[in-house]
Amino acid sequence: MLHNDIQKIYFTEEQIRERVAEMGKVLTEEYADKHPLMVGVLKGCFVFMADLMREVNILCDIDFMIVSSYGSGTTTTGAVKILKDLNQDIEGRHIVIIEDILDSGVTLSYLKQYLSMRKPASIKICTLMDKPTRRKADIKADYVGYICPDDFIVGYGLDYDEKYRNLPYIGGLKPEVYS
Ligand code: PRP
């Protein structure tokens, strides 16, 4: 059973709903007259982004990229590959990259640099979870939902070996599941 593999719930469905609503409000105010392009980084962002976008009450466009930096293990390989790019020109646009987690920063620092070459008006990063203690690349998020607990967390889009993304809360995986 899915829930039996979780040792601790860090953020409940209700807590996440409230936090995401607050984040949506901030984006709504900051981008009110900017017609931003929200860029979700799949697959991890899909739950967070779906909820966040419904809390952003302004005109915006939505697109997705698929970027792969991890194998099936638990630590980054450092190699970033663009598996799906944007479908539109972003020159002069205000971009908000939406992520589920900023960890080593390798993925987002690559992605930010990659998109910067197309001359957008601005690029900001919005992540649900931030793990600043694990940072290897020099990058900071502009909007952060939570500082990540020091645990192997899954749920609400976050996976372990492609599983647990569909948990409605964010929890820590029992060590015996991944060791
Ligand atoms: C996760 C997450 C970020 C990246 C963050 O994606 O969604 O894109 O890792 O890690 P970093 O800061 O150490 O680079 P992952 O490659 O696991 O793919 P997924 O989104 O399909 O889960």
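Visitor: Which residue does Asp161 form a salt bridge with?
Guide: Asp161 pairs with Lys163, and their closest N and O atoms are 3.7 Å apart. Keep in mind that this is a predicted model.

Visitor: Are those two buried or exposed, or in between?
Guide: Asp161 is partly exposed, with a relative accessible area of 34%. Lys163 also counts as partly exposed, at 42%.

Visitor: How many salt bridges are there in the whole structure?
Guide: The search finds eleven. Among them is one between the side chains of Glu22 and Arg19, at 2.6 Å from N to O.

Visitor: Where do Glu22 and Arg19 lie?
Guide: Both lie in helix 1, three residues apart, which is about one turn of the helix. In an α-helix there are 3.6 residues a turn, so residues three or four places apart point the same way.

Visitor: And how accessible are Glu22 and Arg19?
Guide: Glu22 is partly exposed at 43% relative accessible area. Arg19 is partly exposed as well, at 23%.

Visitor: What about Lys84, which residue does it form a salt bridge with?
Guide: Its partner is Asp63, with 3.7 Å between the closest N and O atoms. Lys84 is in strand 4 (residues 81–84) and Asp63 in strand 3 (residues 61–68), so this pair ties together parts that are 21 residues apart in sequence.

Visitor: Asp63, buried or exposed?
Guide: Asp63 is buried, with a relative accessible area of 5%.

Visitor: Which residues are linked in a network of salt bridges?
Guide: Lys43, Asp159, Glu162 and Arg165 are linked that way.

Visitor: Where is Lys43 found?
Guide: Lys43 is in the loop between strand 2 and helix 2. The backbone is worth a look there too: the peptide bond from Leu42 to Lys43 is cis, with omega near 5°.

Visitor: Staying with the backbone, what is phi of His35?
Guide: Phi of His35 is near 40°, a positive value in a residue other than glycine. His35 sits in the loop between helix 1 and strand 2, and it is partly exposed, with a relative accessible area of 33%.

Visitor: And Tyr156, what is its phi?
Guide: Tyr156 has a positive phi of about 50°, although it is not a glycine. It belongs to the loop between strand 8 (153–154) and strand 9 (170–173).

Visitor: Is Tyr156 buried or exposed?
Guide: Tyr156 counts as buried, at 5% relative accessibility.

Visitor: Switching to the helices. At what angle do helix 1 and helix 2 cross?
Guide: The axes of helix 1 (residues 13–30) and helix 2 (residues 46–53) cross at roughly 60° and come within 9 Å. The two helices are therefore oblique to each other, and the crossing is right-handed.

Visitor: Which residues meet there?
Guide: From helix 1, Val20, Met23, Gly24 and Leu27 meet Phe48, Asp51 and Leu52 of helix 2. By type, the residues of this contact divide into five nonpolar, one polar and one charged.

Visitor: Now helix 3. Which of its residues are buried?
Guide: In helix 3 (residues 106–116) the buried ones are Val106, Thr107, Leu108, Leu111, Tyr114 and Leu115.

Visitor: What do the buried residues of helix 3 pack against?
Guide: They pack against strand 2 (37–42), strand 3, strand 4, strand 5 (94–102) and strand 6 (122–130).

Visitor: One more residue: where is the place of Tyr146?
Guide: Tyr146 is in strand 7 (residues 143–147). At 13% relative accessibility, Tyr146 counts as buried.

Visitor: What does Tyr146 touch?
Guide: Leaving aside residues up to four places away in sequence, Tyr146 touches Phe11, Gln15, Ile16, Arg19, Leu128, Met129 and Asp130. Arg19 is the residue that forms the salt bridge with Glu22.

Visitor: And how many Å apart are Tyr146 and Gln88?
Guide: They are 31 Å apart in space, C-alpha to C-alpha, and 58 residues apart in sequence.

Note on methods
Residues are numbered from 1 along each chain as its sequence is written. This is a predicted model: local features need pLDDT of at least 70, side-chain atom pairs count only at pLDDT 80 or more; totals for chains, interfaces and linings use all residues. Side-chain values use heavy atoms; hydrogens and water are left out. Axes are lines fitted to C-alpha atoms, for helices over the stretch in contact, and angles run from 0 to 180 degrees between N-to-C directions. Helices (H or I, at least four residues) and strands (E, at least two) are DSSP runs, numbered from the N terminus. Angles under 35 degrees count as roughly parallel, over 145 as roughly antiparallel, 65 to 115 as roughly perpendicular and the rest as oblique. A crossing is left-handed if the near helix is turned anticlockwise from the far one by less than a right angle, and right-handed if clockwise. Contact means heavy atoms within 4.5 Å. Ala, Val, Leu, Ile, Met, Phe, Trp, Tyr, Cys and Pro count as nonpolar, Asp, Glu, Lys and Arg as charged, and the others, Gly among them, as polar. A salt bridge is a side-chain nitrogen of Lys or Arg within 4 Å of a carboxyl oxygen of Asp or Glu. Buried means under 20% relative accessible area, exposed over 50%, partly exposed in between (1.4 Å probe, protein chains only).
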